Amino acid sequence: MATYKTYKTIKEKHHDRIILIEENTCFVTYDDDAQKTSEVLKLTLKQTKLRKMLRFPIYKIDEYLTELIKAGFRVALCTELEKHKK
């Protein structure tokens with residue numbers, strides 16, 4: 001999963017922020033960031049054997065970003081500028 005790999009790379013450099021990655025028509029986050037985000041926003045967390053994941057529609061970003069910042073989190077919004085090569 002290219003998005004998870006991207007998440008991990010960005011998270012290593014910005015460990016003090018919640019990382020939200022734009023993917024198609026949604027924002028997605030993983031692991032502890034997904035847990036924190038789901039608790040603040042009262043959204044359902046998806047958990048697999050490998051990881052936690054949370055996604056929400058792009059049109060909700062203004063509302064959700066405001067809530068995360070009010071809760072005291074720093075947030076990084078990420079958008080892919082190039083498609084991954086297979």
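This is a predicted model: local features need pLDDT of at least 70, side-chain atom pairs count only at pLDDT 80 or more; totals for chains, interfaces and linings use all residues.
Two strands are counted as paired if DSSP finds at least two bridges between them. By that rule β1 pairs with β2, residues 26-30: three bridges join these strands, and they run antiparallel.

I18 has V75 as its bridge partner in β5.

Now to T37, which sits in helix α2, residues 31-41. Is T37 buried or exposed? T37 is buried, because its relative accessible area is 0%, and the cut-off for buried is under 20%. If we set aside neighbours within four places in sequence, its contacts are I18, T29, K42, L54 and L68. I18 is the residue whose bridge to V75 I mentioned.

Two packed helices are described by the angle between their axes and the distance between the axes. For α2 and α3 the angle is about 100°, and the axes are 10 Å apart. The range of 65 to 115 degrees counts as roughly perpendicular, so that is how α2 lies relative to α3. On the α2 side the contact involves T37, V40 and L41; on the α3 side, Y64, E67 and L68. By type, the residues of this contact are four nonpolar, one polar and one charged.

Next, α3 itself. Its buried residues are I61, Y64 and L68. Viewed down the helix axis, the buried residues of α3 fall within an arc of 75°, so they line one face. What covers them? The cover includes β1, β2, α2, β4 (52-57) and β5. The face of α3 turned away from the buried side carries D62, I69 and K70, which are exposed. After α3 comes G72, with a positive phi near 95°.

To put the pieces together: T37 in α2 meets α3 as part of the helix contact, and T37 also touches I18. Both α2 and β1 are among the elements that cover the buried residues of α3.

Key: Residues are numbered from 1 along each chain as its sequence is written. Side-chain values use heavy atoms; hydrogens and water are left out. Helices (H or I, at least four residues) and strands (E, at least two) are DSSP runs, numbered from the N terminus. Buried means under 20% relative accessible area, exposed over 50%, partly exposed in between (1.4 Å probe, protein chains only). Contact means heavy atoms within 4.5 Å. Axes are lines fitted to C-alpha atoms, for helices over the stretch in contact, and angles run from 0 to 180 degrees between N-to-C directions. Angles under 35 degrees count as roughly parallel, over 145 as roughly antiparallel, 65 to 115 as roughly perpendicular and the rest as oblique. Ala, Val, Leu, Ile, Met, Phe, Trp, Tyr, Cys and Pro count as nonpolar, Asp, Glu, Lys and Arg as charged, and the others, Gly among them, as polar. The arc is that of the directions from the helix axis to the C-beta atoms.
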